[in-house]
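Good morning, and thank you for making time for this presentation.

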Amino acid sequence: AVAKLNAGLTISPREGVVRLADGGARFVIVAGQPIDMQDEPCMLFTFIDLEKRKRTEEALQQSEERFSKAFRLAPVPMALCDGESLRALDINDAFALAVGVSAQDAAGQELTALGLRPFEGMAESLARGESIRNREAALATPDGDLLDCLASAEPVMIGGERRVLLVMQDITERKRSETELLTAIEAVMQDTSW
């Protein structure tokens, strides 16, 4: 800055760190403008405190990392989709395992092409930005079976873009048990005389 002061040049705004008298530091944007004060060449420095912005950026980055880890490690199939087209942007490992498609191959594909068998009106509800809670849908497995699932979805904003987070809970075993129970009850009731 001293060399630029001597040359009378302007210092364009740039990020930097200012050391404080107590030994601390602050992130700032600094800019310099040459001025004359009583016929003496001087430099006017302007500082903008970026400390809150830096803390906010760090908190956002940590939040995104936590979301990413939770998404990846979730034991239930999950998909992150574009809010308008409902094309998959990412799927977690559980979704990939259930439908037999890698996350890389899933990117850009429609959910139905990935094996989702939606309930009637599901795509329209999601496109309108509506939340969905525990509605029955299915996922097609690579061997042709269907997993009965409860679908839940929530519109979310990620990076300023509208997205949809879809979660599928496999209830195939529960439905099979319920069907077996109903069949057993019906068999017992047929042998009962009133």
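Predicted model: local features only at pLDDT ≥ 70, side-chain atom pairs only at ≥ 80, totals over all residues.

In which order do its strands lie? The order is β5-β4-β9-β8-β7-β6, which makes 6 strands in an open sheet with antiparallel pairing. The edges are formed by β5, residues 88–91, and β6, residues 116–117, each of which pairs on one side only.

I now turn to strand β4, which comprises residues 78–82. Is β4 mostly covered or mostly open? The strand is mostly covered, since 5 of its 5 residues are buried. On one hand, β4 is joined to β5 by 3 bridges, and the two strands run antiparallel. On the other hand, 5 bridges join β4 to β9, again in an antiparallel arrangement.

Some individual residues illustrate this pairing. Leu80 stands opposite Asp90 in β5. Cys81 has a bridge partner in β9, namely Val164, and a bridge partner in β5, namely Ala88.

Asp82 is also found in strand β4. What does the side chain of Asp82 contact? A polar atom of this side chain lies 2.8 Å from the backbone nitrogen of Ser85. The side chain of Asp82 also makes a polar contact, at 3.2 Å, with the side chain of Arg163. Once residues up to four places away in sequence are set aside, Asp82 touches Arg87, Leu89, Arg162 and Arg163.

Between β4 and β5 there is a turn. These two strands form a hairpin with 5 residues between them. Leu86 is placed in the loop between β4 and β5, and its phi is positive, at about 60 degrees, although Leu86 is not a glycine. Is Leu86 buried or exposed? With a relative accessible area of 10%, Leu86 falls under the 20% limit and is therefore buried.

Asp39 lies in the loop between β2, residues 25–37, and β3, residues 40–49. The phi of Asp39 is near 65 degrees, a positive value in a residue other than glycine. The relative accessibility of Asp39 is 76%, so this residue counts as exposed.

My next topic is aromatic rings. A pair of aromatic rings is described by the distance between the centres and the angle between the planes. How many aromatic pairs does the structure hold? There are 2 aromatic pairs. In the pair of Phe67 and Phe71, the ring centres are 6.0 Å apart and the planes lie at 25 degrees, so this pair is stacked. Phe67 and Phe71 are 4 residues apart in helix α2, which means that about one helical turn separates them. Phe67 is partly exposed, at a relative accessible area of 36%, whereas Phe71 is buried, at 4%.

Which ring does the charged end of Lys54 sit over? That ring belongs to Phe27, and the charged end of Lys54 is 5.2 Å from its centre.

Finally, I come to Thr172, whose place is in helix α6, residues 172–190. Thr172 is buried, with a relative accessible area of 11%. What lies around its side chain? The backbone nitrogen of Asp148 lies 2.9 Å from a polar atom of the side chain of Thr172. A polar contact of 2.6 Å joins the side chains of Thr172 and Asp170. If neighbours within four places in sequence are left aside, Thr172 is in contact with Leu146, Leu147 and Asp148.

To close, I would return to β4, with its bridges to β5 and to β9. Thank you for your attention.

Note on methods
Residues numbered from 1 in each chain as written. Heavy atoms only, no water. Pairing = 2+ DSSP bridges. Phe/Tyr/Trp six-rings, centres within 6.5 Å; stacked < 30°, edge-to-face > 60°. Buried < 20%, exposed > 50% of the residue type's maximum accessible area, 1.4 Å probe, protein only. Lys NZ or Arg CZ within 6 Å of the ring centre and 35° of its normal. Polar contact = N/O pair within 3.5 Å; in protein donor to acceptor, adjacent residues only side chain to side chain. Contact = heavy atoms within 4.5 Å.
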